[in-house]
Amino acid sequence: MEGAEELARRLSTSTEKDSSLAELVRPPRPKGKQGRSPRRRRDAKRRLDDQGRQPCGMERRRLPGQPENAEPPASTAETAGTSPKRWDRCRRAHFLHGPYPATHFGPKACILPNPTSVMHIQDPASQRLTWNKPPEHVLVIRKIRDKNLLEPFKELCKFLIEEKQLVVYVEKKVADDATLSQDETFGAIGNQLCIFREGYDDISDCIDLIICLGGDGTLLYASSLFQGSVPPVMAFHLGSLGFLMPFRFESYKTEVAKVFEGNAAITLRSRLKVKVVKGTSQKMLQSYMAENGTSSSKGNPRAGEDSDAGKVTLQLQVLNEVVVDRGPSSYLSNVDLYLDGRLITSVQGDGVIVSTPTGSTAYAAAAGASMIHPNVPAIMVTPICPHSLSFRPIVVPAGVELMITLSPDARNTVWVSFDGRKRQEIRHGNSIKITTSCYPVPSICCHDLVYDWFESLAECLHWNVRKKQAQLIDVTDDSDTEN
C-alpha cells in the first residue's frame, strides 16, 4: 500500500511540472478567441463553410437593399439542375453561353457576388451532345407546300421507323398531304406516324430529337413549338437560304447514326423571353414625365385607371428577333427604350429590332447591324431607318431586361411581331419586356461551332466575297526607274 501511494504521489508531481512547463512554452491566446474551446471554434468554422466563404477570403457583405437573412447564391452544381420554379423566383436569369469570366483581379480584388442572379456556366469547347438514354421519339418537321421535299421526307420516315425502330411524330398538315395519302408504298409507314396539332396537342415532354427538312423557317417553327426546354435539333438544308441548316441530306443515314451515337458538337442558340404587359408602371411613367417636363396626362390620359394594368397578355420564347414597327401608319414610330428600369433613349423612325445573336444575321443584318456568333451572350438593339444619323446599333449583355413602351407624345400606335408571327398592336400604356431566356435551342453542328457559322456566312450570305486583285508581275516602282 505504501508503494502504491508513493507511485501516485510521484505521478502527480510529474504532471504538475509538465503542465507548468507547457504554460511557459504555449504562446499567448489572442484576446478575441479567449474563452472559446477548440470544439466551438471548429463549429464556427463549419458554419462559415456552410454559408459559403467568398473566393477572396472576405466576410460576406450585404448588398444594398438586401435583407440581413438573405440566402447565399446557389452553386454551379445546384443551378445546373434547377427547376423552372427556381428560375421564376429569381428577379432575372443571367444565362451565359460562354466561358465563365474571371472573378479575381490580382491578389485582393474580386467581383461582389449577386445573390439575385443565376448563372449557367458553359464552355463552348465542352458543348457536346450526350444521351442519358437512347432516343425513342423523333419529331420530323417538313416545309409545307414544297413538293421537292416529299421524297426526302418519305425516305427519312421509312429509315427512322423500319431501321431505327423509332416513334416518329409529324404535324397533321404534313400527314394530310394528298400526295402522301395517294402513295401506296408509303401507306404502311404513314399509318405508324403519330399526328399532333399545333396549339392543341402538347408534345414538349415526349420528343427526344427534332429533325428539320427545309429552310430556316422550319427551325423557327420548331422553336415556337417548345416554349420550355427544347430537344436537340438536327437541321437538313433543303430550303431557299438554309443559313441555320448545316447538314446535307445526301448523307442523312450516316449523319443521323452519328447523332444517335452522341458526342456531336452543339450550338446553344439563345432565345428571348418576351412578355406583352397591359398597363405600364405608373411610377416609371411619372418619373419619365418629370425628366421631360411634360404632363402625365399627355398622350396617355387613362394610364393607371385600367383594372387589368400589369396583366401579361402574351408570353413567348423568340429565337430570331422582336420587331416593333410603325405598321400601316405614315407617321414615324416613337417608342421609349428602357434598360433595367432606366430610360435609355427614344427611338424615332420606322421601328426597332431586338434580336438574339442568331437573329443578328436576319432582319437586323438587313437594317445595318453587325453579325454576332450564336455563342456570344448578348442582345442586339437595331433601329429601323432612324431619324437620326448618330443612332447606331448597340449590343447589351445577355440577361438585362429591356422594356419598350409607346412614347406619351407619339402620334400613332406601333405593331410588334415575334419571329414574324403573332403580329399585334401596341397602344398607349402597354409595354414589351424582353430578356434572355434560360431555354436555348440546342442546334447540332455538322462540324463544329466556328466552322459551321463561317461556312454559312460564306455560302449563304456571300460574306466578304469579291473579285481579287491581279498579282503584279513587275514589282519595281515606276517612280524609281524614271529617276
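This is a predicted model: local features need pLDDT of at least 70, side-chain atom pairs count only at pLDDT 80 or more; totals for chains, interfaces and linings use all residues.
Axes here are lines fitted to C-alpha atoms, for helices over the stretch in contact, and the angle between two of them is taken between their N-to-C directions.

Two packed helices are described by the angle between their axes and the distance between the axes. For helix α5 (residues 150-163) and helix α10 (residues 252-261), the angle is about 45° and the axes lie 11 Å apart. Angles from 65 to 115 degrees count as roughly perpendicular and those under 35 as roughly parallel, and α5 and α10 are therefore oblique to each other. The crossing of α5 past α10 is right-handed.

Now look at the side of each helix that takes part. From α5 come Glu 155, Leu 156, Phe 159, Leu 160 and Glu 163, and they meet Tyr 252, Lys 253, Val 256 and Phe 260 of α10. This contact of α5 with α10 is made by six nonpolar and three charged residues, with no polar ones.

Staying with α10, its buried residues are Tyr 252, Glu 255, Val 256, Val 259 and Phe 260. Because they cover an arc of only 135° around the axis, they sit on the same side of α10. Their cover includes α5 along with the strands β5 (137-142), β8 (209-214), β9 (233-237) and β23 (441-444). Just past the end of α10, Gly 262 adopts a positive phi of about 90°.

Finally, turn to helix α9 (residues 216-225), which is mostly covered, with eight of its ten residues buried. Among them are Asp 216, Thr 218, Leu 219, Tyr 221 and Leu 225.

Notes. Residues are numbered from 1 along each chain as its sequence is written. Side-chain values use heavy atoms; hydrogens and water are left out. Buried means under 20% relative accessible area, exposed over 50%, partly exposed in between (1.4 Å probe, protein chains only). Helices (H or I, at least four residues) and strands (E, at least two) are DSSP runs, numbered from the N terminus. Axes are lines fitted to C-alpha atoms, for helices over the stretch in contact, and angles run from 0 to 180 degrees between N-to-C directions. Angles under 35 degrees count as roughly parallel, over 145 as roughly antiparallel, 65 to 115 as roughly perpendicular and the rest as oblique. A crossing is left-handed if the near helix is turned anticlockwise from the far one by less than a right angle, and right-handed if clockwise. Contact means heavy atoms within 4.5 Å. Ala, Val, Leu, Ile, Met, Phe, Trp, Tyr, Cys and Pro count as nonpolar, Asp, Glu, Lys and Arg as charged, and the others, Gly among them, as polar. The arc is that of the directions from the helix axis to the C-beta atoms.
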